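Visitor: I have a two-chain model open on my screen and would like a guided tour. Could you take my questions in turn?

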Amino acid sequence: MTSVRARFDRFVSPLLGIAGGCGCAALAAWSPAGLAAGGALAIIGVLGGISARQGQRRLADERAQHVSSLAAFSAELAPVWSRQIESSRHQMEEAITSLSMRFSEIAMRLDQTLSLSSQHGEGGQGNSAAAVAARSQQELDGVVQLLRASMQTKADMLHKVQGLQGFVDELQEMVRAIGQITQQTNLLAVNATIEAAHAGNLGRGFATVAQEVRALSRQSEETGARIAEKIRLIGSAIVSTCSAAEESTRSEHEAILASENTIGQVLAGFRQFADSLSGAADLMRQESHGIKDEVGQALVQLQFQDRVSQIMSHVRANIDRLPAVIEDFGTQCEEAGELRPLLADGLLRELEQTYAMADERAVHRQESPAAGSSAGDITFF
Amino acid sequence: MAKTVLIVDDSASVRQVVGIALRGAGYDVIEGRDGQDALNQLTGQKVHLIISDVNMPQMDGITFLKHVKQLPAYRFTPVIMLTTENQEAKKREGQLAGAKAWVVKPFQPAQLLSAIERLVPP
């Protein structure tokens, strides 16, 4: 319809000129002046028609140039936008993937640490600090008991050695008795010698026996003196041995008491350290659990990348469509022979059809996204 | 013996998150980057459950699901669709294709594990 009208507009000026010229000629009854006026009008009409056609051609050229510039504009701009969006999407995906891998690594290490900590901290294999302290106490008590037993054995031995002193006393008494017997024997020998002298030649043999008895008595006295000396030395040795043993026993007793005291202090210190270590380990376990939960939540939050990536993909695909839409628009204008409004409806409809999320639809319609309205929903079929 | 779950998603970070949750719960995990990649991995080994995204390049989740249902070895393997799609029409499409559950992202690992345990009792 528009095309028919344009063609009509193109020919109306020359037709009117010719018609005017013919009219003038007719009115002047084909007089020279009338013919001249008619011819002039016809020429003016034809020239006007040519001028109108040129104007319309110029307008069409300008329209075509405009549409062409629009197409060039979109063809140059859209791919750049698209590439930038895709590049951003890739960068974000790579960064988030790397980040989530790091978080996974942290979560895995925390799991291992917690597992080891539980095995040791809860004494799964009897290796808790409290168990080690109790076992150490038991073993050290055993050592102290051994020392005490050894000291008791030594005391028993000392008692027996002290008992020897009684035998020494008896021996000394016996030596004294031997001394008296020797004196009596000597005295008898002296008397026998005197009596032998009174007997004269008859007592000469008896005097010899008496002298031998005196000699034996002196030997007995000397032997008794040596025995007495040895017994005195033995008695003295026993006394000094007992004295040294008693001193040693006192020292050992004091050493054992000091050892027990030191062991008690060391174990108390160790127990205190173990308790504080155990408290710190408990705190670390709690903190590790907390950190692990936080890491888990961070990983959940990183799912935003998937959503953002999808939105960017949808927008990019829509931008990619822009040059084709502009080209269609140009074709339509050319066919219509006039500029038409460039409407976004079609492209927007296409974009809307690609949406997967309620948020995308809400943003598209300039509505407030319903926060987390369907996130995590589970439907079983 | 640990059960095996196939995760199909074009987003590496989502595969990571699902993988961590499942491995932490004692499952073995294999992964596919899209429907076609996942189909290539279904070569006869036992898979107890499939978790698939819907919108993916090469082959989308619904098409993948339809292919899985054609494979004799995996015809009865339960499939959970894990997607940002929340439109009822899409859910119905998934249901008709044979999905057993539809989980909308973002998800909490505990929710997903509970859905898995419902479909594949321990």
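This is a predicted model: local features need pLDDT of at least 70, side-chain atom pairs count only at pLDDT 80 or more; totals for chains, interfaces and linings use all residues.

Visitor: Which residue of chain A forms a salt bridge with B:Lys105?

Guide: Residues are numbered from 1 along each chain as its sequence is written, chains are lettered from A and ligands numbered from 1 in the order in which they are written, and side-chain values use heavy atoms, leaving out hydrogens and water. A salt bridge here is a side-chain nitrogen of Lys or Arg within 4 Å of a carboxyl oxygen of Asp or Glu. The closest N and O atoms of this pair are 2.7 Å apart, and the partner of B:Lys105 is A:Asp306.

Visitor: How many salt bridges does the rule find across the interface of chain A and chain B?

Guide: The contact (heavy atoms within 4.5 Å) takes 28 residues from chain A and 31 residues from chain B. Across that interface, the number of salt bridges found by the rule is one.

Visitor: What area is buried between chain A and chain B?

Guide: Buried area is the accessible area (1.4 Å probe) that two parts lose on being put together, summed over both. Carbon and sulfur atoms give 54% of the total, which is about 2,700 Å².

Visitor: Which residues in chain A lose the most area to chain B?

Guide: Three residues together account for 28% of what the chain A side buries. They are A:Gln303, A:Phe380 and A:Phe381.

Visitor: In strand 5 of chain B, what is the bridge partner of A:Ile378?

Guide: Strands here are DSSP runs of E with at least two residues, numbered from the N terminus, as are helices (H or I, at least four residues). Two strands pair if DSSP finds at least two bridges between them. Strand 1 of chain A and strand 5 (residues 101-104) of chain B run antiparallel, joined by three bridges. The partner of A:Ile378 is B:Val103.

Visitor: Is B:Thr84 buried or exposed?

Guide: B:Thr84 sits in the loop between strand 4 (79-83) and helix 4 (88-97) of chain B. Among the residues it touches are A:Asp306, A:Arg307 and B:Lys105. Buried means under 20% relative accessible area, exposed over 50%, and partly exposed in between (1.4 Å probe, protein chains only). B:Thr84 has 3% relative accessibility, so it counts as buried.

Terms used
Lists of a residue's contacts leave out its neighbours within four places in sequence.
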